[in-house]
Every structure is written in C-alpha cells, then in structure tokens.
Protein chains: 2
Amino acid sequence: SSFVAGQALNSEQKTQLKQLQSTALQSQLSYQLIESLTTEVGHRLMGSAGDEKAIIWAVNKMKALGFDKVWTEPVTGSYWLRGTAKAHIVAPYPHDLVVLALGGSVATAESGITANVAHFETLADLQAIPDNSLEGKIAFVSYQMTRHIDGNGYGPAVGTRVNGAVVAAQKGASALVMRSVGTDNNRIAHTGIMRYQDKVKKIPAAALSNPDADLLLNQLKRGGEVSLYLNITARTDAEVVATSANVIGEFTGSEKPDEIVALGAHLDSWDVGAGALDDGLGIGMVMAAAHHIGQLPQRPKRTIRVILFAAEEVGLLGAKQYVKDHQAELDTHVLGAEWDFGIGRIYKMTPGVGAQSLNAIRELGQYLAPLGVALSAENNGRAQSDMGALSDAGMPSINFSPDGEHYFDYHHTENDTLDKVQPEALKINTAIYTMFAYFAAQSSADFRH
Amino acid sequence: SSFVAGQALNSEQKTQLKQLQSTALQSQLSYQLIESLTTEVGHRLMGSAGDEKAIIWAVNKMKALGFDKVWTEPVTGSYWLRGTAKAHIVAPYPHDLVVLALGGSVATAESGITANVAHFETLADLQAIPDNSLEGKIAFVSYQMTRHIDGNGYGPAVGTRVNGAVVAAQKGASALVMRSVGTDNNRIAHTGIMRYQDKVKKIPAAALSNPDADLLLNQLKRGGEVSLYLNITARTDAEVVATSANVIGEFTGSEKPDEIVALGAHLDSWDVGAGALDDGLGIGMVMAAAHHIGQLPQRPKRTIRVILFAAEEVGLLGAKQYVKDHQAELDTHVLGAEWDFGIGRIYKMTPGVGAQSLNAIRELGQYLAPLGVALSAENNGRAQSDMGALSDAGMPSINFSPDGEHYFDYHHTENDTLDKVQPEALKINTAIYTMFAYFAAQSSADFRH
Ligand SMILES: [Zn+2]
Ligand SMILES: [Zn+2]
Ligand SMILES: [Zn+2]
Ligand SMILES: [Zn+2]
C-alpha cells in the first residue's frame, strides 16, 4: 500500500479510501455532469432563463445520483441584461473592435459615444490625474494580465475591471474601455463584474479582446488623436427582483448527522460561453465526489453536504444568503472546500484549521501525496470563492491549488466550453475531492481546534 | 565562413550574400510592414474599401522602399458581401452558435431556415446517400481537420468547404453547415471560398466553430431530432464589376534586366481578421527581401520583381490575370517563389527546376542550411498559391516549407491578427527569401534546364 499509517482513519476506512480513489479515477461521472450541464443548459446568469433551467437540472441530477436530501434555498437579486456591445475605431484608421460590456455596466446613449481616447497603462496612472480632466474622452486602460501557474496575474489586473469605471467617472470620462483580464490572444473579450459607487456618475464600461487592445495601442503609438465609437445597450431592470436559488444536497451522516463536511461550487455563470470551467468543473467535481461516497455500503459518520451556490458572479449573493440563513448552524460545518478555479491538476493543499488538527491534515496529505498534492507549510487556507464567505465566518477550510496557467485564457468568455475541460486532470481532481470529503466525514478530528 | 565553395556565385557575391543575411536578420522591416498594413488598412477582400486602401498602401510602400518601378495591373471580378450569419440550435436544447458564411455563399430566405439536421462524418458519407433524400433538412458535415507540421490536414478537410454545398444540394438539403476547417478550439469560425455548380441549386453554406460543432454533435448523440435555425444575408452583386489590381514593383537588373526573379504574395485577404498571416506575412517578406537587395551599392544582374496578387482568396483572379497579361514574357521569369503559408520557420526547400540547374540549387541549399533549411530530394516543387499558376505555365519554382503547425488555428478567421506573427521566425524567413532572391538574380544558372 502507498498509504502510511495514520490516526484519523482506521484500517478498514483506509481500505475504503483507496477504493474510493480507484472508483473516482475510473469514473467519468464528473465529466458527464459537465457535458450534461453545458449541452442541456448552457450559460446561466443570475435571473436568466438558463439560471432557472440550471436549478432544475441540479435538483434532478442530485436526486438521480442518490442524494439523501435535496432542497433549494431562495436567493434574490437583480437581473442584468447584456444587450449588445459594439465598438470601432473611427480615426485615424477605422477598424471594428471585439468588445464586451462588463457585468453590471449601464448603457451608452442610444446613438453611442464617439470620443477621443485617453490612454493609461494602469489604473494607478488613471487615478493619478486630476479629477474632471477627462471631459469628453473615453478612458482606455491597457494593462495586460500576466500568465502564472497559480493565476496570480489576476489580482493586479482585475482592479481595473471592478473599480475602473468609478475612477474614470471621477476623472470626467464618458466611458471606460479596458484590455480584457485574460491571458489569451483571441479576438474574444472577457467579461466579469464591475461596480459603481454612490454619488459617482455611472458610465458605461467595456473590455476589448487582447488583439483589439493591441491594435488600439498601435494606433495611439502613432501619436495623433485616436477616436473611438462605443455603443452598449446593457441594462439592469431595477424594478424587477430576480429570484434564484442555492441548490443543496446531502448524504446524511450515519453517526454525526449534524456535523457537516461542506463541498461548494457555484451554479451560475456569465452569460457568454457555457460555464464549463467556471464553474462547471466545480459542479461536476463536488457532485461526483459526494455520489462516489454515497455509493459505499454505509454512510460515513458525518454528513456530506454539496452546496451549489447561486449568483456568485454578480457578487457572491448565494454565499452571503447561505451564511445568513445558516448562521445558527455554521459551527456545525466541520470542514469545507470549494472548487472554482483552474483546469489543470491540483498540486497543493493549504489548510486553514485549528493547530491541534494539523496532524489529521498531515495524514490526509499523505493519502493525497500519490496524486501529486503537496501539503503547504502554511495554515492560512481560505476556501475559494463562495465558500470563502464561510471560511470568513469561522468554518475550517482547505484550499486546493490547481495548475491555473490556462484558466484565464477562457475565463468569462465565449470560449468557456466543454472542449476546454481536461478529462484526465478532472478525474484526478475529483478523486482528490472524493478522498478529502470521505476523510473529513470519517475522521474524528475537530478541525476548529 | 559557414559557406562552402560553389560555382554560381563568385567570392565577392558570396560575401554580399552573407551581408544580406546579416542585414535581414537584424532588420525589423518585414514585421513593420505587416504592422503598418494591419494597423492602417486591415482586411481587404476583393472589391472592398479595404482592398482599395491596400493597393494604395502597397504602391506607396514600394515607392518609399526605393523600388525602381512600381505599377498596378487591373484585375476584375465580383464583390461578395458577407452580411450577417446567425445560427442557433432550436431543439432539443437551445444554444446560440458561432457561425460564418462561407465565401461566395448565397443568403437564406430573409426569415432564415429552420430545419432538422442530417449529420455526416465526412463529405464522402454525404456523397454516398441517394439524391434528393435530404428534402427539408440541413446537412451537417462534422469532419475535423487534423494538425500537422506541414499542414497536410487541410487537404482532406477543405473539400467539404469547396464542394459541400453542391453535394448537399444534390441530395436535396436546404443548406450546408460544416465544422470549420481549422485546428483551434476557439469560438471563432473559419471562412474560405466555396463553389456552386451550373444546374445545381445554390444553397447557403456556413461553418461552425469547432466548439459549436462539438455541441451540435453532443446534442445529436442523444439520439433525437436536432433542429437548427440558420440566417445568412450574404450576397454577390452580379451587376457590379469589382476592380482590383495586382501591385508590382521591381529592382531592375544591372546586366539582364529582362530576366526576372519573381517573388509573390497576395494583397487581398478575407473580410475577417486583419490578414496578418494570410498573407501579410508574405507581403512583408517579399517586399523586405527586395528592399534589402535594393539597398546594395549595385543592382544584381537580373531583375527582382515583387508581385502582390489581387483576389487570391476568391479564386486566384490576380494570378490568372497575370499569366494572361504576361503570356509573352513568361519565359523571362527565370525562377519564382511565393509565401502564403505558415507562421513558423522554414525547414525545407523543394525545387522545381531543370535537371541541369540542380547543382546551382544545391549551392543555394548550402547557403541556406545554416538557417535550418533542408534541401528536399524531390525536384517537383510548385510555387505556393498564386505563383503556382506561373509554375504551371512553366516557370521554374522553389517551394519553401514552413512549420505550419499553428497556421490553421487562425487561417481565415477574426483571429488572423498581428499578435499571431512570430517576429523571430519572420526575420529568419525573410533572410531566406532575401538570400534566395539575391542568389537567383546573380546566378548564371538557367533554371529551365
Ligand atoms: Zn467562478
Ligand atoms: Zn467567474
Ligand atoms: Zn493566402
Ligand atoms: Zn487564404
């Protein structure tokens, strides 16, 4: 056996863990779930028809996969309609540009905006100029995200997407245009959430594909004025309350049904692409992991709860609602993890647990090591994405780090489709989540201490 | 020196050849030309406004680059307008699809076509069914192009694009939809020329992106009927004669001005993307190669003629017109090559010359070997693309084979943009064309014998 002796699992449980590893590595279930979701539902933005279909899909799948309990919990918010986005360079050299509105953007006037471009290499450069100095101009931030295995280029790039429109409006600009937050070189733009701020004018905001940002830069480099046309018809219907739902399924624990091992992913996606990676991967992994464990002759001691969160993309609405709804029982969530990142294999796990339970985590690390998972020396892991809200509320967590080198080639684009899933990495990652969940559900460790 | 002794060039010429190699490898001219063309002109389909701008651009650039003579020769044809193309799966699971009309396609009815899909894995499978057996259906051919370094997956795939609509119409189909001829996995479709045939009904023809073809297949695999909506507004204005031009520039030979070394590329492009690779690369390479030679203190013995052909994409109209216009002097074209393929480095040259001049070609091969060019054992080389028409008319030719592994990721798509150019490979390839042209212009070899 490649498993070393440990304390959290007894020898029968270790045998079962090995069987689960083998089951998960041979199963195509997580892939099949993503295939089903992307083929039969497609994208599913909070409040859209796809969102409604996805909730029905998830409930039905959980039931078909033998979950002991399946239910939904309502999440409300607003529904943003993308409409259309068009942009072209007017002068000096006319070109049509590939552009997407950022999520939450307001529309331009119906006739669009035609204005000269004021170029900034970074959001900090835009921030540094005097207020109201960009009257009648479109601000263009050309900062380019860099590629890293852990995706750490996202942080420095995403600030422009989230806050750029507020800063540009404070400078007096009539719109913000930015280079997409993405590492690809396709004529495909990346969307994602942006924010407005009270008392700051709401201006339209859009992202250009990387090659289109290059083209705009090349025209700017020639030194003369460059003028741009932008037309966005997006809108948020403030009158209408959109309803979505967290979809939750459980395999009930045999000895400690009130102690919950929580596996998270988000059910919603942006309204471009099929949400195969973001977060179809997570949906497939956590549903398959729970199902594999549910196929054992006996339920593990603790309950395994799968939470498919609503409305992550538009501001973690589902996660916030879950924390609110489950405030009283949050301390029964003994350990949790989400999957909402990366196409490639997991290479590292970082716990965020009580110091006394680190021995148990080390034991888990030994079980996962043959699958290529290194145990981080840090104990500051926060669960990804939605589950991060539960981590913040005190839930012990594990963060699994995957090879994220190519994730941002496709993130929040039309290109987020089934063919981008790497079936072998997915199998291994599903096995890791299956083993993690089983371990946490059988272990006697108290991960809060 | 890495040059071995030869007979075609004397020692002074060999020194000059080495200097030219060094000049070309240090120059960014070919890249700058592509940057200028793609930034200032963009795409340039036969008869379009971009085509007209490209002709002016090419004439001005040739003059600025010091060509001794620059002129244009008219080429007429028809102008196809792409209009819009929209497609979506109607049932069982609605999805919008990324689709492009094939070049030359007719429109659908204004309200579009909604029909069930009849799926064929290959054009041969479609050909094998009885005539008129697809009444009321849309034929879908899902054959997927394979990736090869020499691009040899294109041949087996492109037949569906060129002839698929005729075959589908003979079977009674109301439209042809095919998987794009391309090796990428982007939500970006590939266009390219298609043909109709007299007495066969003209039906609309379109290409899906690879991920969209996958999605359609996945719905078909579920076994039920799959219905598709297709709406194309393309048209060819048969009343209007479109005028374009071959743009020709020369450095006149100092001793044998009537003997012509011909360097070709095509000036037109499809109306998607910027034509950076197809055929901006060729335009940059042959213009820069001629310019480098033109910067020498003396003109070489023979004339170096750069021909930027019109209307290659829509049926080699420029090349056919050139052969017709220059019938009387075709035998003065002593050796020719085109560049219209591949992003990567040249790894092989294949001559198509008289047997007695093979020694001279071997000498050229020795000069190019340090740049990674192997001399093919075959002597059946035909020039690429337009210049192939001159090869067919008897012009001795060389075909340079590049690494074509990634060319068909971008070929005939929105993604054919400047960022796809590999500057280092381009420099080396430009050096190879420069040295080839110089060698051919100085050599005393008669490549017809
Ligand atoms: Zn996500
Ligand atoms: Zn996301
Ligand atoms: Zn071409
Ligand atoms: Zn072409």
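In this predicted model, chain B carries an open, mixed sheet of eight strands, ordered β4-β3-β10-β6-β7-β8-β9-β5. Strands here are DSSP E runs of at least two residues and helices are H or I runs of at least four, numbered from the N terminus; two strands pair if DSSP finds at least two bridges between them. The edges of the chain B sheet go to β4 (95-97) and β5 (99-101), each with a single partner strand, so one side of each has no neighbour in the sheet. Ignoring direction, neighbouring strands are turned by 30 degrees against each other on average. Residues are numbered from 1 along each chain as its sequence is written, and chains are lettered from A and ligands numbered from 1 in the order in which they are written. Local features need pLDDT of at least 70, side-chain atom pairs count only at pLDDT 80 or more, and totals for chains, interfaces and linings use all residues, while side-chain values use heavy atoms, with hydrogens and water left out.

Further into the chain B sheet, β6 (residues 113-120) and β7 (residues 137-141) run parallel and share five bridges. One of the residues involved is F120(B), whose bridge partner in β7(B) is V141(B). Helix α5 (residues 154-170) of chain B packs on this sheet, touching β7, β8 (175-179) and β9 (205-208) of chain B, where contact means heavy atoms within 4.5 Å. The direction of α5 makes about 165 degrees with that of β8(B); axes are lines fitted to C-alpha atoms, for helices over the stretch in contact, and angles run from 0 to 180 degrees between N-to-C directions.

Turning to chain A, there is an open sheet of eight strands in the order β4-β3-β10-β6-β7-β8-β9-β5, again with mixed pairing. Its edge strands, β4 and β5 (99-101) of chain A, each pair on one side only, and the twist averages 30 degrees from one strand to the next. Strand β3 (residues 85-91) of chain A is antiparallel to β10 (residues 227-232) of chain A, with six bridges joining them; I89(A) has L228(A) as its bridge partner in β10(A). β3(A) also pairs with β4 (residues 95-97) of chain A, antiparallel and over three bridges, and H88(A) is partnered there by D96(A). Three residues lie between β3(A) and β4(A), which form a hairpin. Helix α6 (residues 210-221) of chain A lies across β3, β4, β6 (113-120), β7 (137-141), β8 (175-179), β9 and β10 of chain A, at about 140 degrees to β4(A).

Then there is the interface. Between chain B and chain A, 29 residues of chain B are in contact with 29 residues of chain A. The two chains bury about 2100 Å² between them, 42% of it on carbon and sulfur atoms (buried area being the accessible area, 1.4 Å probe, that two parts lose on being put together, summed over both). Six salt bridges link chain B and chain A, each a side-chain nitrogen of Lys or Arg within 4 Å of a carboxyl oxygen of Asp or Glu. One of them joins R187(A) to E414(B), with the closest N and O atoms 3.2 Å apart. α2 (29-40) and α6 (210-221) of chain B each supply at least two residues of the side of chain B that touches chain A.
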